[in-house]
Structures are given as structure tokens and as C-alpha cells.
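Q: Could we go through this structure together, one part at a time?

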Amino acid sequence: MSFDLQSALEHISHQLPAQGPIKDFIHHNTLHAFQHLPFHEALAEASAFYGAASYMPMGFYGQSGLSPIALAKGGVEHRENIDTAVAPILIRLTSGFLDQGIAVSPFPEADCGFFEALNKLAHNSWTPIAYYANKKRTREWFRKSPERVCEEILKQLVVQEDLYEQYITDTLMAHRGWAGMVNVLEHRPTALLVPRSIRLVEFLALKLILESEYLLFSGSPPPVPSLVRPSQVSPIKNIHEAYENAYYHEILSKFKNIKPAQQAKPHIQAVFCIDDRECSFRRHLEQADPHIETFACAGFFGIDFFFQSINDASPKKLAPAPVQPKHLVFERPHALHITEFENQRKKTQSKALWLTSWLGFVAKNTLKIDVRTELELYREDDLLNQDTKLYHGFTYDEMAERVFSVLNSMGLNHDFAPIILMIAHGSSSLNNPHFAAYDCGACSGNPGAPNARAFAAMANLGPVRERVYKLGISIPSGTRFMGGFHDTCTDSIDFFDTEDLTAEHGTIFSNFLNTLEATKKLNAKERCIRFAVVDPDITPEQALAEVQHRATVLFEPRPELGHVNNALCIVGRRQLTKNLFFDRRAFLNSYDPTQDPTGQILNSILNAVVPVCGGINLEYYFSRVDNAVYGCGTKLSHNVCSLLGVYNGIDDDLRTGLPVQMIEIHEPIRLLIIIEQTPEIVLNVIQNNKPIFEWIENEWVKLACVAPDSNNITFYQPTRGFVDYTL
Amino acid sequence: MIHCFLLLTLFIPALSSIILATSAPNEHAISRFAQTSFLLYLVTALVTSAFWLFQDSQTYLYSITSLLTFKLDLPGLVYLCTTAFITNIILFYCRRYLHRDPGYQRFFMIISMFVAGLTVVIFAGNFELIFAGWEVVGLSSYLLIGFYWHRPQAALNASRAYYIYRICDLGLLAAAFISHLEPSFNQQWALSLMILLAVIGKSAQFPVSYWLPRAMEGPTPSSAIFYGALSIHAGVFLLMRTFDTWFYTPGFSWVVGSLGLITALLATLFGRVQANIKGQIGYASITQVGIMLIELACGFPTLALIHMTGNACLRCFQLLVSPSVVAQQLQIHGALLGERVKPIFAIHDRLNHRIRDTLYLIAINEAYLQSFLKAFLVRPVNALANRVNQIERRAMSAWVIAPALLGSAFLLAPLSYLFLGLSLFAAFTALGESKSPFRVFNAATLSNLFVASAIWFEHRDTAFFSLLYMAGLGVAWLLALDALRVISKKQVFESVIHFSGLFGQYPLASVAVLVGILGIIGFPLSSTFWFEDHLLEHALASGWIFVAVFAGVFALNGITLIRLYSHLFWGKREHEPADTSHDFSSAGVFARIAVFMIANGVQLWLL
């Protein structure tokens, strides 16, 4: 069998971290490469591969005794020494090439591919690429193609051809943060602000050149490829499952004899994101005023697009990670404010030019243009823009289709209130490179405000309403949609385009704003319970001041706690959950089972909910059980590199996953998805949806059903299907 | 009155550091205590400065004894106020920032210790006191770089910084004694050179600049206070304090100026290619220090003083906000519609391709300086040490040592040279030892004993000092060995050149070992420091060979033992919450260190 570099790299690239540039941190299953295996087996495999723990230590579960220690990679000292020796130059060249705006001197030859740039650099320079490198020999290497370099060096360093792949694995895994970043950028070059072309094989070739040069320089033999260690499921597995089951039991028993809550005639209907942080906010809002009805759907509100605001130089993707949007929308200054906009633009540009790197810290918040704007939503023609390969805007049909499917999926297709609020969320914080990890997961780690605003604007358009009516939903002419934005850190809510409200709507809305004030305070108070430094007896007013303070100080590594409580996801009507307390642990997705006999709506909901919520849940799980391997360690010592990620010191591997400060009080429990639907329909849906079925069958998420009328609870078990859950 | 405040300013950080080290209440109490005491420190610093200003603003000496001589002058007081101001900011910042960090208490303790050391440097009226403070600053720097002790890279970088400190600190040790010699042209040059050596280490000047960016391993505020603000400027301050000494040495300002120029040029080059924010700020700070050296060499100490204060505040702030760089650059990017900001001196666009690419490679390799020093300094010393260690293992130490001791008792004077040789031999043995920590301790302690004996035999009247010094060594050795013995009950020491990460299981025993090490290597708080002082004075009278060996052993032992500490206690992560049941009890370690301190006190009193 001859060695195929391409397929070997393809295989290894799956085991590399899939985290992209930190500015758009997207939660995902850390062990996505192992997702084809059942959960516990996958954990055992990963534990053997990365040398990581799979569960919490015994003491966490209230058990005594020493837990079996995950095998640290042993007997690879020589390998480690070589990796440490070549890391500085490898990382400086890679990070220098990929740099997005930290270094003062740009990489000299960055306008071509990585390896070509290195080739030019090595040829032009009078000094060697590293102190251990022979100038002439390295120039020869760089002249060849990276593929050939890899193959030739492997031939020199490794005796048997069947060990090549293991050797590459070892050498790449020593810098898996960087290798993973290179791999992500190879497949998604648009993730960069400053375009760069790099491939994993080029990174590998550079590593192998440095490695072989170092070996020749130091006169030491090549490292032996490590042995694949056998994996074994840890005995803590059972203790961990018992721990999870205790929680599931507590939750499921709440549904046993639940009576559906009643909803008074609504004056306001508010649609939130499914995010677990909105769970308590909705509860407080409903309790403050029975005439407020709340719903939830994935926070991009069905509007999947690229969006470029007046403060951005390039578009952002505002859609769930797996979705590839085809539309691009620009924000533009409102027709009445164009001169004001021009003036502000001039000012911010001159400021930005002068605020070079050493005065750059002044830039924060002084560079935002703040004028009334509108979105360029409407597109007449049906032409693809040739530059961006995207449709600039939506046609009325496309708008109507999106508005209809969102409203329909939530069961919000009758009894409309006069005002419907679409409330997106994001999080503000200061001095925090992980800011994107607190933003909306359904918007690829961005604030979802443009989506909410776009949805409301679309749903208010006459031609769209006509088309929605044809599709089957009649929105009364007195109903007005409005976009809003919830800052989950400061608990403030802003609304867009409030100028367009009529007088009648105005009174309802101003009453609502009063209710909102009280709600923010109560929600802040509930959140403050989790902050150990805050006195549990503070008043709601003080609590609100506290959470606002957190977003605006430099020295707060925990502006908010993010998804730290997440453990549950409930897909069903609000009447099922309205009177229950979930302690901000539940993702809630509105879904009316009575309107979905075929399961079609459920299918589309699960397509968004399972990867987004499951990804968040598992990212927290793994960062929690072994923060040193799956997480990125403490925030306090992080150094930002190339604007791509964080690491420690100045020559280290990029750290992926979540920092200690985000996960330290997380209870690692796999997500339990509870669907209000009959098990037959659910089974039919998941069995016909292969990617979703993999999550469930392999138990990366757990699944239970509450039957709509009988409240009969069934629990999904792999291979057996739904079985009755006995309480 | 001014004396009273001066002493208060000296004592507050030292006292607060001791209190923070001995009591472990909750975070709130720790930060409240530290903040209060450093607010007090700020007040006393300001009052002292005010007194000085309103008296006559002249350089002012205050002597308690010949050793305890304090000096008040403009650079000192400006630096003092900067220190007080920045420390308060950092403590305020850390109160929340370090919340829930397992090293909360440790952090506040080390910062207090650092300020205590720096205050001594600032007030020092002679080289002995400067040296004492200098060592404390160095140790706290080491401890904070290794704050996240379980990371091997942090442990390595901390050790590297300490090695460089230790070698460069020799400059101050030597300066202390050269300063007592008859003034002459040579003495002036030697003294100035020694001062400059100390400056190079602490302020990361050419050719050892590379340690500083790599030291950004601790929590961000610790990097800010050390490598942005205060520690890095200690060298500049030393040059200001000793301005009259070196500036009027004929030709020496050229040396200082060129060193500053080379550093500034190289650090600019290195800093510009750093794609990480902390490394960039670190090199920027080094560049500015280089420029301050030029200013001083040109005879503008006041300008350098203003420059130093400004740079300290700016770099401190830049480091504190460095995590914001992502959000900030995104905004600049957006405001400029994607155009890249052109740096002020965008020469790289105008350079010839060959020159530009060469400069880039030189810059990312930091001019190959580290590998150069490694190849020509570190590797030969290590090779020699390994060779010596093997000889020693084969020859069985007892066979060499016992007859030497006996023989010397009879032959005395000529044998002092034999003892010098033995001392070096033992020091190299300790450095080359790779397996047993006990052997490292024994050999390192022995090498110090031999030096003391050599000087004793040379000067018979130093018997009293020498014996006291040996007693001091013995106490420190016992303390460390006792702690090691406790650890060895449960732990098999396989290697002292790999990281074992025992700090998790033996946090308190590690403190005892560290205190013992500090005793052996002559750290300012222990009695050995003061005896070392006296011994060196005599060594100086015995000729340069004695001084060279003394200095060599001083540097080697410091490096060996700190390396041992890093390797034994740091550099390995744990999956589990560590089992500390075999560690000392806090009362146990407290009692041991108290006994050690009392023994030291008695010795000093006898002196």
C-alpha cells in the first residue's frame, strides 16, 4: 500500500480543533471528529488520543477514591523536545503570515500562498530561517512543492511507510491549535479580514523542514512515531450517568401532572431567541404582565444573511454555522441623515488613522458612527451580484417565505397582538477577547440585532403580508412588528425603528417599557445569585447596577456567565413550561404540536436546535471536564495572537475551547431535549434525518417526549427507540 | 519626621507581605488588607516626598549604620511615587480580576514583596542595600512568571529570567565592593561596568532582551506592573542613582549610549514583527528603556526621568487593556473600511526586497542572540558540569573531601586554593546532577562551605564570620532537607531535570524548600546574605581569583537551586484535585520557618 498524503491529512484534519478566528467564536462539539461513535466510546477514544479526562474527578460526584488518571502521553520526550525547539520559529512565521493587524511590520511576501511566501523569504534573505537551519538546504526545500517536501522528508525520517501517518499526526498534534486554525482557514478563507492563502499541507511542510533541519543540527535521531494507545471506557461512566439521570429525573417529574397554563388576551407578543439566558427573562416578563405573551425561535429569526453595518468594512455571517447564506444586506444611513453620516465618517476615519497601534486603546467606542439608519432589504431583480456571488437583498417572495415559516413554526399564526417584538440578543463586555462566545450561537457568534430588525421590517411590508396571507397566515393590519436587542450582560433592551409607531401603538408600547424596567431588575437579581462576589441580599436595583458595571470595567473576567447553566432544551408550547422554574438552564423553542401532524415543522426546528444547542452544551461539557486539553485555561494570562486566538506566553500553541472563567461552575450534563409531541411522530422525524439521528442515537444529546394531551413521558434509548419513562 | 515617614514607607510593603504570607483568610479580606496598606504606602510616599520638597530638595543621606544608609533624591522620590501610584492601580484591578484564582493570596503576597524590594532599591544609600532590594525584585519576578506553575513553558521562562537576573546581579555584588576601593581610573571603569551589568539584566538590554517578552506568562496585571511599568525601569533608576559615578568616568557614557542605541534599534526591529500583543508591548518598552539610556549618556537625567515615568504609566495601561485588542482592531478596521493603518515609519515598503526579507528573518529570530548565548555559554558550562558530576560520582565524594579537610587543618594558607578548587568542583557537581535532589543540595551547600573555608584559611581573623556563615548555611540546609525528606516519604525522586509538578501536592513543603534554598544562595532576608557580604570583602583583599570563584559559585548555586525548585515543584499539570494529605501542616511549616528566622536573627545579632 503506498502512502497517500492527501487522504492522511484529510483524516488528521478531522481531529484538529475546528475553532475559527476568535472574533466569531462559534460553539461546537469539541469532539466532532468522534461523533460517529457512541458518546462514551468516543470519549474513551478521545481520551487515549489527546490524553484528556472524559468525566469529572470522583470527588465531584460526591464519591471518594481516586479516579483512574487519563494516560498522559508517555515516552515521547524526544518528540516533545524537538517540538519545543522548533515551535518559536514555526509559530512566528505562521502567526506573522496570518496576522490580521497586530504586527507593525507586515509579513514581507504575504501576497501569495504561505509556502510560496516562505520560498521568497528564504531566497531573498542573507540569513537562515532559523539558527539551526542550513541556508542552502532550506532554500532547496522551499523551491519544491509542499506535498513533495512532506513526502521526501518523511522518507528520510521514518523507516516504514505505514508509520508515516502516525508520524504526521504526532508532529501536527504538538501544535494542534495552530494546525487547526490553518485547516479552518484553508476551508474558510472568508473568515479572515485581511485575506491570506494557507493550506494545512504547507504548514506541515514548514514543520517538517524545521524538524529535519533541527535534527541534523543537533545530531539526534528522528523521533519514533508514538504507539496508538488502546482506549478503555472509564469506570466513572456509570457514576456520571447516574449523576445525569438524577437531574433528568428531577426535570421530567415536573411534567408529570402539569396543567397547561392559561394565556390572557395579549397586548404584546415578544419573540426571543431560544437561548437559555432568555429563559428567566421571559418568565419575569410574563409574571409582570399577564397580557404579554412570549415565544422563542432560533435567534437568527429565519433570516439567514450576510450583513454589513455602517461600522463594518466587511460583511458578517448572521446565520447558524451549518447554513451558508445566499443573501447580503447593507445598512445605510437614513435618507434624512446622510450629511450627518458623511461628517461622522470623516471624523472616525481621521481618528482611526491617528489611533495607530500605540494609541489604539482610545479607539474603543469612539469610532462608532451613530446615525439613524435603515436596511437595504428589498431586491427587485433576480440577479446574482458578480463580485460577491450573493443576492443583494431579498425579493418579496423570499421575504414572505421566511416570515411565514418562522411564524408558523412557533405556532404564532393566529390571535395576533397589536405589537409583536422580535428580540435578538448579544452581550457587551470590555477587555475580553472571548466576547463572541457570549453572543448569539444561531448567528455564528454575532449579536443577532440585524436579523430581528430585518424580520420586523419584512413582516411590516404590505406586499410581504399579502404573500404571507396567500401562504396561509393572516396578519391583521393593526399588528406591527418591531425589532429589539437584548444585551444579556447589562440586561438592557433597545428597540429599532421606534419612530414608525402610530399613536395607538405608542401607548401600549410605553406601558410595556415600564414593565420592562421592572423585569430587567428582577432578571439581574436572579443572575446575581450565581456571582460569588455579590451579596445575595441585594435589591433588584442594585443587581441591575451590578450587571451593568460588569460590562464596563476593564478588570472583570466574568462579564456574564454565558451558557454556564445549560442542560435542557424544551421544544413545545409555552403553556407547558410557563409555570415551571428552570433556573436559566433551558433552551426553549416554541412549537405547536397540534399544528404539525407530519412532523415537518419539527424537523426544521431540530435542524437548528440540535447542532446549535448540542454544540453549546458539549463545548461546555468538554471545556469543563478537562480544561487543560479541551479548554483554553485561565483567561488571566492570555495573550492575543494575530487577532486569531489566544495563547500563553509568546511562542505557544493557540488555545481553543472555553476559558476557566466561563465554565468553572458549569455542571457537565448532556443536553436533554424534551419535545412536546407524540413519540411516533418524533421517531419518524429523527429516523429520516441522518445528521440529527447521529446526535441522538449516539447519545451526544438525550431525547424525551411529552405527549401533547396525556402528558405521557417517553425517553429515547439507542436501538430500542422511545420507551415509557417511569417516575 | 522625614525619617519616620521614610522608614514607614520601607516597612509597610514588607510588613504587608509578611502578613499576607502568614494568614489565609478569604479573598475579600486579602484584597481589602492589601489595598489599605498600599493606600497607606502611597500616603507615606507622598508625605516623604513633600517633606523632601519643602526642606531643601537636595540629595539627602540618612544613616542608621554604615550598612543601613538611605538616600533621598529626585529620581528616587519620583520613582517611589510612580511605584505607589501604579501599585494601587494594579491592586484595585486585581481585586476582581483574580477572583476565584487558586493563587489569589500568593499573588497579593508576591506583589507586596516586589514593592518591598523596590522600595529598598529606591531608598538605598549604598550598593549593599540596592543589591538586597534587587534580589527581592528578581525573586518576585521569578515567582510571578511561574504563577501558573503547572505550565512547563511558564516554569521554563521563569527559570530563564532568574538565571539571567542571577548572573547580572553579580554586577551589583561586585559593585558593592569595588565601591569601597581606592578611587582610580580602573576602579571607576570596573564599578561602572558592574553597574551596567546589573542594568542589562533587570532592564532586558542587549544582548539578553529576549527574556522579557517571554516572561509574559503570569496574570496580565503582573506582566503590567513588572515588564510594562516598574521592574523594567529599575535599571534606568539605578543608572540615575549612580549617575555621578559612571557619567564622569571618562569614556563610559559612550558605552552606555551605544548599549542603549543597539538595544533600541534591535528591540524596535524585534517588536515590529511580533504578531502578539504582549510581546509587542514588551519590546516597545525595552526600546524606550534603550532610548532612556541614550538620554542618560548624553547627560539628560531629568529628561530620562520624565521619559521613564511616562513610559511606565503608558506600558502598564497598554498591558492592562491588551485583551481588548481584538475588539479595538475590528473597530479601526471598520472605520477605515478595511484599509490597513500605515505605521508611522513604514520603511519596509521602501526597502530593497533582499534587505527587507533579511531584516524580517533576523527580527523573528531575535538576531539569533539566544541561540548564540546558548551555544557559547550555556552549553559549555552544562557539558563541564556533567563531566564533573560523573567524575565525582565515580570518585566517591568522601574520598576527595575527607583528606582535603584534614590536610587543610594542618597546612592552612596554601590550601585555601585547594578549597577554592573544591568549591568550584562541588558547584559544578550540583549543576550537573540529574537524579537526586539531595545530592544537589549537599553539593551546593558544600561548595558554599568550601568558599567560606578558603577565605577563613586566607584570613585567620575571619573565623567568627566564617563559622557564623557556615551555621547559617547549615540551618538553611536542614530546613530544605527536612522538607525534602517529608516529600520523599511518598514520592520517588527520579529526576531533577524533568518537571515533577509537586507544588500541587506539597504547597507548604515547597515553601519550606524555597526558604531553605534562599538561605543557601544568600537571599537578603537570611543571615547568609550579610555574611556573604563580609566574606566577599575579605575575598577582595585576597586577590581576584577569590573574587572570581566566589562570584562564580554565587551565580552557579543560585541557578542550580532555583532550577531544582522549578523542576521539582512546577511544570506538570494534574487531572485531579491534588491530594495534599502528606504535606506539612501550616503550623508545621510556620514553626519551621519561624525557627529558621530566629536562628538567622540570632546570627545577625551575634554579628
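The chat below concerns domains and helices.

A: This is a predicted model, in which local features need pLDDT of at least 70, side-chain atom pairs count only at pLDDT 80 or more, and totals for chains, interfaces and linings use all residues. Residues are numbered from 1 along each chain as its sequence is written, while chains are lettered from A and ligands numbered from 1 in the order in which they are written.

Q: Which domains is chain A divided into?

A: Chain A has domain 1 (5-30 + 72-218) and domain 2 (234-256 + 269-280 + 563-727), with bounds from an automatic or database domain assignment. Their centres, taken over C-alpha atoms, are separated by 36 Å.

Q: And how many residues are in contact?

A: In chain A, 24 residues of domain 1 are in contact with 20 residues of domain 2; contact requires C-beta atoms, placed from the backbone, within 7 Å.

Q: Now helix 9 of chain A: how many of its residues are buried?

A: In helix 9 of chain A, 15 of the 19 residues are buried, meaning that 20 or more other C-beta atoms lie within 10 Å of the residue's own, with C-beta atoms placed from the backbone. Helices are DSSP runs (H or I, at least four residues), numbered from the N terminus.

Q: What follows helix 9 of chain A?

A: Gly219(A) follows helix 9 of chain A and has a positive phi, near 65°.

Q: Changing topic, at what angle do helix 7 and helix 10 of chain B pack?

A: Helix 7 (residues 185-202) and helix 10 (residues 234-241) of chain B pack at about 160°, with axes 8 Å apart. Axes are lines fitted to C-alpha atoms over the stretch in contact, and angles run from 0 to 180 degrees between N-to-C directions.

Terms used: Helix = DSSP H or I, 4+ residues; strand = E, 2+ residues; numbered from the N terminus. Buried ≥ 20, exposed ≤ 12 C-beta atoms within 10 Å, placed from the backbone. Contact = placed C-beta atoms within 7 Å.
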